[in-house]
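Thanks for coming, everyone. Please have the sequence and the model open while I talk.

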Amino acid sequence: MINVLCIGDVIGTVGMKYLYKRLPTIKKIKKIDAVIVNGENSADTNGITPDSANYLLNCGADLITTGNHSFQRKESYPIYENNGIPVIRPANYPDKAPGTGTGVIDLGRVRIRVVNMMGTVGMTPVLDCPFVTSDAILESVDEKIIIMDMHAEATAEKRALACYLDGRVSAVFGTHTHVQTADEQILPGGTGFITDVGMTGPINSVIGVSTDAAIEKMKTKMPVRLNYADGECMLNAVLFSIDEKSGKTVSVERINISD
């Protein structure tokens, strides 16, 4: 059995510090074999930087996924290019975009293929079809265990893709909306699924952003600097236990920790 912990969007320095504080204990108690972290908001004011990527690795991440903020910061471009930092971007970006949309966590006895995908409903930029891109990837890889981070706005799009891939991948977990959903399950073909794993960051916020800043933007419709909030934090994650011979999920556990 392989235990893979998938952690929701980490929000800035405050979220990374909380991850550093909590993750070692979770890994020990839950006997975690591999950790996948969405890091597209790990840099303060969003995006990802070399410093925030390395911080996530020091927290205990084995591989970092991203999303629509993958290239928000120009200093992020080099981290996607074969430099020893395991960071991937959505696979349905154009081929000329830096980096790749898949990565491997090699545990020795088994390899875990991680795929990053992005939705096209209500997302900017609008990328290639995630269904077509997923088919192409699955035709080119041979790992038994395949886990996908589906970074998307629309609940229906996340679920539709998971159902489309049911039995062909081990698990699909949604990111981007920063609100943990209570629909963790194993689909009929053995694919573990949750619509959104949530976020790791400040509780008293609007999906990580300072409440005052978020309210001002919504009221005035004017440009506002959306600074991340601080204060007490939570860690949202989902644990997939996967049979390494069949590649199917045998249990799904939703995790929500706060001080």
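Start with the buried residues of α1: G12, V14, G15, M16, Y18, L19, L23 and I26. Buried means under 20% relative accessible area, exposed means over 50%, and partly exposed is in between, with a 1.4 Å probe and protein chains only. Helices (H or I, at least four residues) and strands (E, at least two) are DSSP runs, numbered from the N terminus.

Two notes on conventions. This is a predicted model: local features need pLDDT of at least 70, side-chain atom pairs count only at pLDDT 80 or more, and totals for chains, interfaces and linings use all residues. Residues are numbered from 1 along each chain as its sequence is written, and side-chain values use heavy atoms, leaving out hydrogens and water.

Back to α1. This helix has 18 residues. From first C-alpha to last it reaches 26 Å, close to the 26 Å expected at 1.5 Å a residue. The expected span is 1.5 Å times one less than the number of residues. There is a bend of about 35 degrees at R22, and a proline, P24, follows within four residues. That bend is the angle between axes fitted to the seven residues ending there and the seven starting there. Just after α1, K31 has a positive phi of about 55 degrees.

Next, β1. How many of its residues are buried? Six of six. I2, V4 and C6 point one way, while N3, L5 and I7 point the other way. What does β1 pair with? One partner is β12, antiparallel, over six bridges. Another is β3, parallel, through four bridges. Two strands pair if DSSP finds at least two bridges between them. I7 sits opposite A237 in β12, and C6 has I36 as its bridge partner in β3.

Now the cores. A nonpolar core is a set of buried Ala, Val, Leu, Ile, Met, Phe, Trp, Tyr and Cys residues joined through side-chain atoms within 4.5 Å. The largest one holds 33 residues, and L5, I7, L19 and V87 touch the most other members. β1, α1, β3, α2 and β12 each supply at least two residues. Which element gives the largest share of this core? It is α1, with six residues. V87 touches I48, A53, I64, T66, I79 and Y80, leaving aside residues up to four places away in sequence. Contact here means heavy atoms within 4.5 Å. A second, separate core has 21 residues, including C6, L63, V110 and F173.

On to the open sheet. Six strands run in the order β5-β6-β7-β8-β10-β9, with mixed pairing. The edges are β5 (102-106) and β9 (185-186), each pairing on one side only. β9 joins β10 (192-194) through two antiparallel bridges. I186 stands opposite G192 there. Helix α4 (155-165) packs on this sheet, touching β6, β7, β8, β9 and β10, and its direction makes about 160 degrees with that of β7. Helix α3 (130-140) lies across β5, β6 and β7, at about 160 degrees to β6. Axes are lines fitted to C-alpha atoms, for helices over the stretch in contact, and angles run from 0 to 180 degrees between N-to-C directions.

Last stop, A182. It lies in the loop between β8 and β9. Why does A182 count as exposed? Because its relative accessibility is 64%.
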